Structure formats: C-alpha cells, structure tokens
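Hello,

Here is the structure I promised to pass on to you. Please have a look, and then read on for what turned up in it.

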Amino acid sequence: MGHFSSMFNGLARSFSLKKRKNSSGNGKYDGRDAVEAMAKEAKRNDLILRSSGTVNVDGSKNFASLFSRRGEKGVNQDCFIVWEEFGCQQDMTFCGIFDGHGPWGHFVSKQVRESIVSSLLCIWQESLAEASADPDLDKKVQRFNIWKESFLKACATVDQELEHHPKIDTFYSGTTALTIVRQGEVLFVANVGDSRAVLATTCDDGNLVPVQLTVDFKPNLPQETERILQCNGRVFCLDDESGVHRLWLPDESSPGLAMSRAFGDYCVKDFGLISVPDVTQRHITSKDQFVVLATDGVWDVISNEEAVEIVSETPDRAKAAKHLVQCAVRAWKRKRRGIAVDDISAIVLFFHSKHFCQHIYPVTTPK
C-alpha cells in the first residue's frame, strides 16, 4: 500500500501545483492542462526531446539517443518523444515512436504523440488515486494492472478524439504508436502497429543477444487475419509485392494498409483495423543493456541481431540511433533497389547510464 500511496501523493502534489497556477475563476480544471504545463516545464529543464539528439539527465540511470531520417516518399511522417522524469516522477521515463501513413500521416503521428502523453498521464494519475483509496489494493493489484488499464483507456480516448479532430482528416490517414514507460527497474510496453522494440541483454558467455519485446501487428498474423475476415475486411498481397500482406476494404482496392493496428484510418475501422495496444512488461536486470525502438523502416532491412550489434559497436552512445538509421538506409539501397527508401527512425534507451555531463543536444537531421 505504501508504494502506491507515496507515488500518488507525489504526482498529486505536482498536479495540484499546476491546478492552482492554471485554474480559471469558475473552478473548472482539465487534467490535461496540468500535463501541458508539466511538459513545458520539462522542456525548459531539458527533460523532453522531440527531435534527433540525446537525453541524459544528471543522476539518471537512462541515456537516450534519437535519430530520424526522411525517406524518398515526401515529408517525414515519423516522429518520436523521450520524456525523463515523466509526470514529475524521478524514476520514470517515457519513450514513444510513431509512424504516420496516408496523405495526412505526418499530422496524425504528431497529434497522437502529444495526445497519448497527456491522456496516459491523466488516466494513470486517476488510477493511482483509486488505488490509493483502496486499503486492500496491495494484496490484489500490481503496478502492471494499473499501467495496462491506463494504456488501454488512453489509446481508446486518443483514437476517439482523433476521429473528430476539426483540422486533421484521418479517414484515409493514420499512425502506429510504440510507447514504453520505464518505472524503476520495470519496462511497461504498449504497441499499436508494426514498429518494434528489441532489448539487448547479456548471455552467460558475455555476448549480447536480442529479445524482441513486441509483436509486429501485420494483417497476415493468424489472430489479426481472423478478426479482419470476421469484420468483412480482406487480406492479400499485390502481384508486385510478394509477401507484403495488406488490409483492404470489402469491395474496394483501398486503403491497402501494411499493418493491422493503427490510430486513425477510419475507412477500415469497421473492417478489422483496431487501435487496441498489446501491453506487456519486462523487469530490467543488470544483464539488460539497452532497448531499441524503431519504425518498420529499420526492421524491414535490419534483423534484431544486426540492430543490437550495430548499437553495441557504436563507440559514442550519443550517435547510436544515428548509426543504426544510417545502416538501415544503406541496407535499403542494397536489398531493395528500385524501391523508395522509407522514413527511418530509432530511439536507443541505455539503461545503465555512465556519468555524462551533457543533457540534450539536438542533432541536425539531413534533408
């Protein structure tokens, strides 16, 4: 009980402070106002990064390297975020990577990036409040249950709000979302779509090996295909895309989504596409070194083993994500000649940070 109570009291104090600063005279207050205020304060304190660069806060166990490169299809529709001391909690870090698609995909991915952070934090805070009020909670509820429910509710809220967004057309556009929260020595992972999280851990022989933490939600996965077909959607490959299964409307040759879960894309939300996240947890041990979050632009041409090797062999950890992305670009040009290179983005979160002095250093992304 003490764990939930102390955690809630700390977060509640931060929300209360923002409430006093931002409440209007009528006494009404939106929890998202507090999150936005906390995000602005975190940005001023170099705790949040939404562009290529690094995040390393003095005293933190984490060191994050981020990099994104625009592909050859137009505007970069990938985006990401890392937030140290997430929700004013010193032992929490939030990471998210988003891969937009469709005409409005770059707007959708950025909108979901901002919405998921505020929704998740508000819902998690409410769940902690309920947990703190239950004297028997320490016997029947674990942290994972709270986080899982928070992720599920937050994703449902974000997708519902996105459908009615006044300035973004999400009928034929959407985004994936891979998010993790590190709380102490536990990772909570929530995945919607086909981005992937891969953990690098040390074997008994001293070698680093990959552990895939997420499922690539493609339309040809048996459970995904079954749901789509039950909803009268269709799954098949185009003649010139052997092995690339796509989700289609019952009677139209559109939209041809290469994933089975996404935010937006309301043209197929009644035909099997869902935005429900798969939520898991992983306890971090001294053997676990880092986790890679990357869009499918990486995983389409780089294996889990190759990604771990590339990152581990990068001398400067600040350049780990950039090195991985550059290797993926070269692999695209070698393995997929004649096919436009996709947007490629990655976050590398190192668990056992060395004593660096730097905080955030933006990196100029090449055009």
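**The sheet**

Six strands make up an open sheet, running in the order 2-3-17-16-9-10 with antiparallel pairing. Here strands (E, at least two residues) and helices (H or I, at least four residues) are DSSP runs numbered from the N terminus, and two strands pair if DSSP finds at least two bridges between them. Strand 2 (53-55) and strand 10 (208-212) are at the edges with a single partner strand each, so one side of each has no neighbour in the sheet. From one strand to the next the twist averages 20°, with axes taken as lines fitted to C-alpha atoms and angles running from 0 to 180 degrees between N-to-C directions. Strand 9 (residues 196-202) pairs with strand 10 in the antiparallel sense over five bridges, and Leu 199 stands opposite Val 211 in strand 10.

A word on the source: this is a predicted model, in which local features need pLDDT of at least 70 and side-chain atom pairs count only at pLDDT 80 or more, while totals for chains, interfaces and linings use all residues. Residues are numbered from 1 along each chain as its sequence is written, and side-chain values use heavy atoms, with hydrogens and water left out.

The largest cavity has a volume of about 40 Å³. Ile 116, Cys 155, Ala 177, Thr 179, Ala 190, Val 192, Phe 263 and Pro 277 line this cavity, with strand 7 (177-183) and strand 8 (186-192) each giving two or more residues.

**Helix 2**

Helix 2 (residues 31-44) has 14 residues. Its buried residues (under 20% relative accessible area, 1.4 Å probe, protein chains only) are Ala 34, Val 35, Ala 37, Met 38, Ala 39 and Ala 42. Just after helix 2, Asp 46 takes a positive phi of about 60°.

Best wishes

Notes
Expected span 1.5 Å × (residues − 1). Buried < 20%, exposed > 50% of the residue type's maximum accessible area, 1.4 Å probe, protein only. 1 Å grid on protein atoms, 1.4 Å probe; cavity = no way out; pocket = protein on both sides within 12 Å on 5 of 7 lines; lining within 4 Å. Points joined across faces, edges and corners; volume = space filled by probe spheres on them.
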